[in-house]
Structure formats: structure tokens, C-alpha cells
Amino acid sequence: MNILKVTGKYLDQPILVEKFHKSVPAILTTAGGLYCAKEIHDAPKHKKKKAAIRTITTMGFTVASALAAPKITNKIFKDADELRTLTQIKNDNKGLIGAYLKENKISREVEEILNKAKSKVLKLQDVKTLFDKIGKDDKGKKLLNELIPDPENIDSKEIFSEIGRLSVFGLIPVLGGITGGVIGDKLTNKHWKSKIPDKIKEGSYQYLANIFLCNIGAGGALAILEKCNIKSKAARAIGMVGGIILTGVIGGSAIANLIGQKVINPLLHQKSNKERLFDERKPEALDISLHTDDIATVAVMSGLKWIEPALPFMYSISGYRAGIGYRNGDKFDKHIGS
């Protein structure tokens with residue numbers, strides 16, 4: 001078994017995925033706290049109090065909504081009974097491995113690894129050893145695929161449901177960030193209402209350019225490949241990345257800016273002196289890096305389990321930027337206020 005497949009199997013161990021999922025709240029909260037501390041430290045001395053209120057409020061709502069997003073989306077799109085707890089995973093593993101050991105003669109090395117797999121995360125070398133030693137016969141292969149299920153290619157009926165789920169997942173932190181940002185402004189600035197349009201426009205930019213349209217591109221490409229009966233995981237992944245590039249990376253920024261200029265500004269009665277499309281908001285390095293969450297989208301749509309617990313981290317960046325109403329070229333003072 002080649003190293004890429006072994007690595008994929010290692011990362012997709014249900015126990016490892018569940019442990020990562022459980023550690024996300026602590027990691028994300030800590031990261032958010034450290035960022036807040038940095039922003040407050042960097043603020044001018046006479047603005048530190050306002051900086052603390054706004055930054056902590058915006059980050060708090062963003063992180064809380066990002067952590068709530070998986071539960072909300074699972075309730076909307078998935079039966080909660082399908083999700084196994086760590087205890088259930090370990091009990092299932094014990095049953096599967098116990099039955100296999102009773103019926104098959106194996107080496108002491110493999111037996112030790114299987115006993116470890118009942119309740120612990122296997123090392124990369126352990127996973128490789130199992131697939132090399134028992135992954136070639138039918139019973140061993142069946143056991144290993146039950147312990148670490150293969151990624152499943154979703155069919156055309158599931159594609160747009162998955163797009164909807166991931167899009168709701170990404171929308172929640174953006175809305176949370178905007179809410180926190182508005183509350184923070186209201187607590188510290190009598191002109192807080194004037195800052196709302198930038199938050200809504202940045203939120204629409206983050207959501208459309210960095211989340212929704214990329215999901216549409218990936219899902220659309222996947223639907224086309226499904227209709228062409230292309231089952232290769234590599235071909236599907238390449239096709240989805242191509243769809244992301246066309247709809248999100250290339251077109252998303254333009255569409256988001258157009259909506260900001262032609263829809264959001266008139267609705268909020270805001271005049272804009274921006275004449276050209278990208279005068280409103282230019283794509284920048286962090287925006288491009290945010291498209292790593294689209295690789296996560298490809299992974300999730302391809303059936304990989306280990307990447308999904310990381311989505312709250314990625315979507316929190318978009319949520320926080322929406323909350324501060326980030327616009328290209330703005331200074332820190334604009335976010336903290338006078």
C-alpha cells in the first residue's frame with residue numbers, strides 16, 4: 001500500500017477524527033484569545049479599552065457561532081443518530097476485532113496492533129503494517145474497511161445537499177461575526193450604525209467569494225463528472241478544484257463586489273465613490289489562502305472525514321473579517337474607532 005493511501009487511512013481513523021473534533025473548541029478558543037490579546041496590545045494606548053470591547057465581542061461571537069455551526073448543520077441536513085461518540089467507536093472496534101481474532105490466525109505483531117486499535121489511535125507505521133499483512137485477503141480487508149471506512153463517492157442526488165450543508169456551515173460564522181461586530185460598535189461608538197454597511201459588504205464578500213460560490217463550483221463540477229459516470233477519486237478531485245477556480249477564485253470576488261455596489265449599497269442607502277469593480281474590495285493574499293477551505297470542501301465531498309473538524313477554524317477567519325467590516329487599505333483606527 002503506497003504512502004498516500006496509508007496516510008489517508010491514518011488520518012481517517014474514526015478515533016482520531018473524533019478526538020480532533022473534541023479538541024476543536026479548546027484550540028479555536030485559545031487561538032481566538034491569543035489573537036485578541038495581540039490586537040489589544042497593538043492598539044494605541046488611549047484606544048485599548050475600545051479595542052478590547054470590540055475585538056473580544058467580535059471574536060467571541062465568531063468563535064461561538066463557528067463552534068455551533070456543525071451541530072446546527074447536522075440538525076438541518078443529517079440525522080444526529082448517524083454520528084458516533086468516542087465510546088461507541090471503541091465498543092464497535094472491540095466487537096469487530098474480537099470476532100476477527102477468534103476466527104483467524106495472525107502474527108503476534110498484527111495481533112498487538114489490532115488490540116491497540118480497539119481503543120487507541122494507531123501510528124502511521126501500524127496502519128501500514130495492518131494493510132500490508134492482512135489487507136490482501138478478503139476477511140482482513142473487510143475488517144480494515146470496517147475499522148477505517150473507505151471514502152465514499154457521493155452521487156448526484158447527494159451533491160447539492162452537501163453543497164447546502166457546507167454553505168450553511170460557512171454562513172453561520174459570518175453571521176456571528178457581523179452580529180458581534182455590530183454589538184461591539186454599539187457598545188463603544190455613538191456612530192455605530194454607519195459601520196454596518198461595511199460589515200454587510202465584507203460579510204457578503206467573504207461568504208460569496210470564499211465560501212458559497214466555491215462550493216457551487218466544486219459541486220457543479222462533481223455533478224458533471226457524475227453524469228459522465230467518472231468514478232475516479234483523482235479525476236473528481238481535479239474536476240472540483242477546476243470548478244472552484246472558475247467560480248470562486250476567478251469569479252467570486254467580482255460577483256461579490258458587484259452585489260456590494262449594485263444591491264447592498266442601494267438597500268442601505270449608502271453612496272459609494274468607487275467606480276471600478278475592484279475599487280470596492282480587491283482580492284489579497286489572505287483571501288487566496290482562505291481558499292484552503294475549498295480544498296477541505298473537495299475533501300469532504302470526496303468522503304474524507306478527517307478534514308471536517310477543521311472547518312470552524314477556516315470559516316472563523318471569514319467571520320471575524322466580516323465582523324470588523326474589513327475593507328482593503330483601511331487602517332487599524334477604522335476598526336477601533338475614535
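**Salt bridges and helices**

Mentor: Let's begin with one side chain: K142 is exposed, with a relative accessible area of 52%. Keep in mind that this is a predicted model.

Trainee: Which side chain does K142 meet in a salt bridge?

Mentor: That of E146, at 3.0 Å from N to O. E146 is partly exposed, with a relative accessible area of 34%. K142 and E146 are four residues apart in helix α7, so about one helical turn separates them.

Trainee: How many salt bridges does a search of the whole structure find?

Mentor: Eight. One of them joins the side chains of K9 and D150, at 2.5 Å from N to O. K9 lies in helix α1 and D150 in the loop between α7 (138–147) and α8, so this pair ties together parts that are 141 residues apart in sequence.

Trainee: What about D42, which side chain does it meet?

Mentor: D42 meets K38 in a salt bridge of 2.9 Å, N to O. Both lie in helix α2, four residues apart, about one turn of the helix. D42 has a relative accessible area of 43% and is partly exposed; K38, at 46%, also counts as partly exposed.

Trainee: New topic. What does the secondary structure come to?

Mentor: The chain has 14 helices and zero strands. Of its 338 residues, 46% count as buried.

Trainee: How do α2 and α3 pack?

Mentor: Helix α2 (residues 14–42) and helix α3 (residues 48–77) pack at an angle of about 160°, with their axes 9 Å apart. They are therefore roughly antiparallel to each other, and their crossing is right-handed.

Trainee: And at what angle do α5 and α6 cross?

Mentor: Roughly 125°, with the axes of α5 (residues 108–117) and α6 (residues 124–133) coming within 10 Å. That makes α5 oblique to α6. This crossing is left-handed.

Trainee: Where is W192 found?

Mentor: In the loop between α8 (156–188) and α9 (196–227). W192 counts as buried because its relative accessibility is 18%, and the cut-off for buried is under 20%. W192 and V182 are 10 residues apart in sequence and 7.2 Å apart in space, C-alpha to C-alpha.

Trainee: Last one. Which residues form a nonpolar patch on the surface?

Mentor: I3, L4 and L124, with about 310 Å² of accessible area together. L4 lies in helix α1 (residues 3–11) and counts as exposed, at 70% relative accessibility.

Terms used
Residues numbered from 1 in each chain as written. Predicted model: local features only at pLDDT ≥ 70, side-chain atom pairs only at ≥ 80, totals over all residues. Heavy atoms only, no water. Patch = residues over 30% accessible without salt bridge, like charges linked within 9 Å, V, L, I, M, F, W, Y side chains within 5 Å. Areas by Shrake-Rupley, 256 points an atom, 1.4 Å probe, with all protein chains shown as cover. Salt bridge = Lys/Arg side-chain N within 4 Å of Asp/Glu carboxyl O. Helix = DSSP H or I, 4+ residues; strand = E, 2+ residues; numbered from the N terminus. Buried < 20%, exposed > 50% of the residue type's maximum accessible area, 1.4 Å probe, protein only. Axes fitted to C-alpha atoms, helices over the stretch in contact; angles between N-to-C directions. Parallel < 35°, antiparallel > 145°, perpendicular 65-115°, else oblique. Left-handed = near helix turned anticlockwise from the far one by under 90°.
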